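Hi,

Here is the structure I said I would pass on. Have a look at it, and then read my notes below.

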Amino acid sequence: MPFDDLPEDPTGEMDRLGIDRAFVTHTLSLYSDAAAGNEALLALDDPRLVPVPVVVPGETGEELPGVRMVRLCPERHRFDLTGPATLRSLSALGLPAAVDLEETSPAQLRHLAERLPAQRLLVLNPGYRRLRALAELMDEAPNVWAEIGTVNTQGGVEWLSARYGAGRLVFGTGAPVADDCGPRFLLDHLDLPAEDVERIAAGSLEAMV
Amino acid sequence: MILDAHGHVGTWPDFLIPHPAAEHLLAAMDRIGVAAMGISHLLAVGPDAVRGNAAAMEIAARFSGRFGVWQVYNPHHRTQLPSVGTPGVWGVKLHPDVHQCRLDDPSYEPVWRCGLPVLAHGQTDSPWSDPAQFAAVAARHPHVPLIMGHTGLWPYGFGRAARLVADHPSVFLETCGSKMTGRWIARLAALAGAERVLFGSDACFLDLRTGYGRVALAPLTDADRALIQGGNLARLLGLPLPDLRLPDLPGPPEKGHPA
């Protein structure tokens, strides 16, 4: 990985920043072997680190006991997000799936949501330059949630909340690869009612999974 | 005291900015305690420096003391430069990438001779604004305070940016950008010295709270955080210093010396 400052254990930074639990994926699942990463992740057995294994359709087993959400990497693992193997795999798993927007497109996600209308999807890393496209997706697909760590243009989180409700927004950071300090501070200073901030902080994700 | 070295007002064609107006920025500043922000109008960064600069000056006058203006200089249009001491002006803003004119191009000579601090977009590996060009300009004009916006923008270049300007004390590293992290701000303070690092947010282009949060929650000492979030910029601009104990720093680069 092209970084030299990543902590071995994220819980120290979580303590420092007041983050109780994190949904996490193993480095090996993203940068090496998905199955090996998933195995290492599930072996962590740390109640503060909720495992989000990476599913490679057609390869990953369809029984993931104790797992509450999976992650798909269609670009990294070179598969079709809306192809028959993915549709079969997601239908069999019946779990919410997280997808980085940089690994796909709003159009592909909309297509996936149309094919599997009950499938819950969490869009990771939506960024700040595609708010219009993200909004169009959330308009059309009520089972799409957005992670806010990179919604980083002035008032972007409040703009999404006004349209879709805080219940469809999820606090996230992308740490330790991405920044955790900025999103954590933003969470504490959102111009939203306290109950909406609480939904974004934890309630939306708890409800989704 | 928190001072934001790098702000904007206005819309930008690439994407939706939900709250591009000064009033919203001011509310966000009040919410987190930012005393003042240096702004350039995005209209000025883009197609019309004259109208955009005028709009920014109007905002600075309307909210006196809360906004300072970085007046945009478009080298193709040879925009009129402000005079030293113009109320509301903090300095000159350059965007070599938008204007497609290298930072070390002779077209900018009037800027280096106008006697004001300069904030310039800096982007590692850009043909227009690579940090090496900041070092080259600083070597030619060592008396001009030069703020490297974004410290090169890409994380793989942050360390190199700090090394390139290590021997040019007139260059300051500014923290805004979507790829900056709290950890990197602490590393920049360790690499370059906290007295060379300035907080900037890029709001309203980016969210002020996210930008400041990286400084507020970075693993820094209180003294270093105080320098980065306001002390250094106050000293650079000659503003009243915040109530903090500053280390024994050299004075600001002398202004107004044509090099």
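Helix 8 of chain A and helix 9 of chain B are roughly perpendicular to each other. Keep in mind that this is a predicted model. In general, a pair of packed helices is described by the angle between the axes and the distance between them. For helix 8 of chain A and helix 9 of chain B, the angle is about 115 degrees and the axes are 7 Å apart. That angle counts as roughly perpendicular because the class runs from 65 to 115 degrees. As for handedness, the crossing of these two helices is right-handed.

If you want to find the spot on screen, helix 8 of chain A brings Cys181(A), Gly182(A), Pro183(A), Arg184(A), Phe185(A) and Leu186(A) to the contact. Among the residues they meet in helix 9 of chain B are Arg209(B), Tyr212(B) and Ala216(B). By class, the residues of this helix contact split into 6 nonpolar, 4 polar and 3 charged.

**The wider interface**

Zooming out, 21 residues of chain A are in contact with 31 residues of chain B. On the chain A side, helix 6 (131–140), helix 7 (156–164) and helix 8 each supply at least two residues. Which of them gives the most? Helix 8 does, with 6 residues. The side of chain A that touches chain B has 9 nonpolar, 7 polar and 5 charged residues.

Most peptide bonds are trans, and most residues other than glycine have a negative phi. Here are some exceptions to look up.

- A cis peptide bond links Ala175(A) to Pro176(A), with omega about 5 degrees. Pro176(A) sits in the loop between strand 8 (169–170) and helix 8 (181–188) of chain A, and that is the helix that packs against helix 9 of chain B.
- In chain B, Ala203(B) and Cys204(B) are also joined by a cis peptide bond, with omega about 10 degrees. Cys204(B) is in the loop between strand 8 (197–198) and helix 9 (208–216) of chain B.
- Arg78(B) is not a glycine, yet it has a positive phi of about 50 degrees. Its place is the loop between strand 3 (67–72) and strand 4 (89–94) of chain B.
- Thr151(B), not a glycine either, has a positive phi of about 50 degrees. Thr151(B) belongs to strand 6 (residues 146–152) of chain B.

Are Arg78(B) and Thr151(B) buried or exposed? Arg78(B) counts as exposed, because it has 11 C-beta neighbours inside 10 Å. Thr151(B) is buried, with 34 other C-beta atoms within 10 Å.

Cheers

How values were computed
Residues are numbered from 1 along each chain as its sequence is written. Chains are lettered from A and ligands numbered from 1 in the order in which they are written. This is a predicted model: local features need pLDDT of at least 70, side-chain atom pairs count only at pLDDT 80 or more; totals for chains, interfaces and linings use all residues. Helices (H or I, at least four residues) and strands (E, at least two) are DSSP runs, numbered from the N terminus. A residue is buried if 20 or more other C-beta atoms lie within 10 Å of its own, exposed if 12 or fewer, and partly exposed in between; C-beta atoms are placed from the backbone. Two residues are in contact if their C-beta atoms, placed from the backbone, lie within 7 Å. Ala, Val, Leu, Ile, Met, Phe, Trp, Tyr, Cys and Pro count as nonpolar, Asp, Glu, Lys and Arg as charged, and the others, Gly among them, as polar. Axes are lines fitted to C-alpha atoms, for helices over the stretch in contact, and angles run from 0 to 180 degrees between N-to-C directions. Angles under 35 degrees count as roughly parallel, over 145 as roughly antiparallel, 65 to 115 as roughly perpendicular and the rest as oblique. A crossing is left-handed if the near helix is turned anticlockwise from the far one by less than a right angle, and right-handed if clockwise.
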